[in-house]
Amino acid sequence: MHKPGASVFYIDDWRVSPAEGVVSRGNETTRLEPKTMEVLVYLASRPDDVISREELEQDIWRGALVGYDAVTNSVIKLRKALRDDARRPHIIATIPKKGYKLIASIEHPASNATSVVTKTSTPLANTEKPGKSRSWVELKIGAAILSMMVLAGIAALWPLIAPENSSPGNDKIANLPSIVILPFESLNRDPKQEYLARGITDDIITDLTRLSNILVISGNTSSTYKDRQLSSRKIAAELNVQYILKGSVRLLGDRVRINAQLYNAKTGFNVWAQRYERKVNELFSVQDDVTRNIVRSLTIKMSHQEKIRLSQRATDNLKAYDLFQEGQRLALPRTEQALDQARESFKKAIEYDPNYGRAYGAIAITLCFDYLNGWVDAPVETLDRALKLAEKAVMLDNSTPQTYWALGFTHLMRKEYNKAESTVTQAIRIAPNYADGYGLLALIKMYLVQPDQALKLNKKGMQLNPYYSWQYLYTQGSSYYMQGNYKAAITALEGAQQRNESAVQIKLFLAAAYMNLDRQNDAEWLVEEIKAVSPETTISDIEKTIPIADSKFTQALLKDLRQAGLTE
């Protein structure tokens, strides 16, 4: 047996090597996903504790995009790897309504020159045994080492994905005022009122992205600053912006109180501030007033068309607005269950406001993801329905970039590439700062097998959205794969997978890239993961649904996946 290093420890009769990402016993060796290994190390670092789902999500995923089932899936993978039985566990026990507990014995090498092994036993009852604190400390060190490895990987990834200063249009961008709208703080104790603060933030960002003479940081990036206690100057330095808008919202019966302050981040001076106390049904007029004051304070010039667009509102119905925000939150993980729940919220929003264009577009997007992942029995009919909904979205609201995004994405899934490209271009025309518009246009170019253009557009989206979501890394990695730059593809796709372990499309391109660098074991392991989480994903289904325009590239991808063991 390989002599264990300082970071190696034992659970029951399994050798665990976080650095290698494997567990082994005798002739058996199983590779674990990075997050799954982190869960195991975390459980082992607290052998006498019941660890809640919330603690695992917060400490392991650290704000990344995960669905409710992310923790459950990780525990399932651990039990499968360690030959554990959920009904009669001997390694990981589920404590109903509380969380999970490691109940197997833990062994680790002693730090002296001899090969003495210290053992910690962790039955369901809390017990104290000699050597427990030492095991705890050493495993904490192991966890820290693993975390440093992840951070090092991100640091290595940054030169590949950071925006280039020499990219087209940066001279013009450098002369524009730049702003980040920080998440408005909800001063209500009821978490159900959080949607108001989130909605106000998102809507002000959406309004400002429609203007061509200001650079607006994406809402995805803005949201990462929620609850972070950083000075305005620190935030401005991180995002390279001149102005910061902060605010708060509080519901008082049928009234709402909103505070907003606009700062010059370099001087620290307050440029504009206003306190509003209005009836709740006047919320939208307050948002409009905040946007107008930002435009006025920064002396932003608007075209006649921009003024018209800025005056148009997606909905005036607060209940519909609430339900739409709830649907947006539910849809984030992109799992089948999450999309089903989100779709119901969007449908209810339409019941309250039948003219809510964005809600129709949001339903269309959920249907497209269902189609893409093979979660539908009638794929053609599903895409037909998605198209009708997306077209209705634009018909009802042609001033909002998100409705065009929904229609463009639907056209892409239908392999109507020219329509997809022209539709998303219109979204960017409406909102020159719309990061996700550039992201989707990059995705279209990738599927059109134009990886050079895809990478350039993707960088533009990343510039507007420095804390970009996994979709940007997916597009980047897939584009590198099409260029034949498999090493860069793997780096980007592994980064995407760290941000969303549920997305099957990431795993597909990553497995294919592994195959091209003679990492067959890694590719086969990843394909086994695909089979476990999405058994309906097969070679034939991918061939039908993946919207790659050039069949030569589709067949090359399928060949790689077939060799990696994906089911026909």
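## Salt bridges

In this predicted model, the side chains of Glu 528 and Lys 531 meet in a salt bridge, with 3.5 Å from N to O. Both residues belong to helix α22, where they stand three residues apart, about one turn of the helix. Glu 528 has a relative accessible area of 41% and is therefore partly exposed. Lys 531 likewise counts as partly exposed, at 30% relative accessibility. Elsewhere, salt bridges that share partners join Asp 13, Arg 25, Glu 28 and Arg 83 into one network.

The count of salt bridges comes to 22. One of them is formed by the side chains of Glu 33 and Lys 507, at 3.0 Å from N to O. Glu 33 lies in the loop between β4 and α1 (34-45), whereas Lys 507 lies in helix α21, so the pair ties together parts that are 474 residues apart in sequence. Both Glu 33 and Lys 507 are buried. A further salt bridge links Glu 55 with Arg 46, and their closest N and O atoms are 2.9 Å apart. Within this pair, Glu 55 is partly exposed at 26% relative accessibility, while Arg 46 is buried at 15%.

Strand β2 (residues 14-17) pairs with strand β3 (residues 22-25) in the antiparallel sense, over three bridges. Ser 17 has Val 22 of β3 as its bridge partner. The two strands form a hairpin with four residues between them, and Gly 21 in the turn has a positive phi of about 75°.

Strand β3 also pairs with strand β4 (residues 28-31), again in the antiparallel sense, over four bridges. Here the bridge partner of Ser 24 is Thr 29 of β4. Two residues separate the strands of this hairpin, in which Gly 26 takes a positive phi near 60°.

The buried residues Ser 232, Ile 235, Ala 236 and Leu 239 lie in α8. Seen down the axis of α8, its buried residues fall within an arc of 100°, so they line one face of the helix. The face turned away from this buried side carries the exposed residues Arg 233 and Ala 237. The cover over the buried residues of α8 includes β9 (178-181), α7 (219-223) and β12.

Asn 240 follows α8 and lies in the loop between α8 (232-239) and β12 (243-252). Although Asn 240 is not a glycine, its phi is positive, at about 55°. With a relative accessibility of 65%, Asn 240 counts as exposed.

## Other residues with positive phi

Most residues other than glycine have a negative phi. Asp 518 is not a glycine, yet has a positive phi of about 55°. Asp 518 is placed in the loop between α21 (504-516) and α22 (520-533). Its relative accessible area is 75%, so Asp 518 is exposed.

## Helix α15

Helix α15 (residues 401-413) has 13 residues and reaches 19 Å from its first C-alpha to its last, close to the 18 Å expected at 1.5 Å a residue. Of its 13 residues, 13 are buried, so α15 is largely enclosed by the rest of the structure.

## Surroundings of Arg 275

Arg 275 lies in strand β14 (residues 270-279). Leaving aside neighbours within four places in sequence, Arg 275 is in contact with Arg 257, Ile 258 and Asn 259. The C-alpha atoms of Arg 275 and Gly 247 are separated by 9.5 Å, and these residues are 28 residues apart along the chain.

## The chain as a whole

The secondary structure of the protein chain comes to 24 helices and 14 strands. Of the 568 residues in the chain, 53% are buried. Among contacts between residues at least 6 apart in sequence, 61% join residues at least 24 apart. The accessible surface of the chain comes to about 25,500 Å², and 50% of this surface belongs to carbon and sulfur atoms.

Definitions and conventions:
Residues are numbered from 1 along each chain as its sequence is written. This is a predicted model: local features need pLDDT of at least 70, side-chain atom pairs count only at pLDDT 80 or more; totals for chains, interfaces and linings use all residues. Side-chain values use heavy atoms; hydrogens and water are left out. The expected span of a helix is 1.5 Å times one less than its number of residues. Buried means under 20% relative accessible area, exposed over 50%, partly exposed in between (1.4 Å probe, protein chains only). Two strands pair if DSSP finds at least two bridges between them. The arc is that of the directions from the helix axis to the C-beta atoms. Contact means heavy atoms within 4.5 Å. Accessible areas come from the Shrake-Rupley method with a 1.4 Å probe; for residues, only the protein chains shown count as cover. A salt bridge is a side-chain nitrogen of Lys or Arg within 4 Å of a carboxyl oxygen of Asp or Glu.
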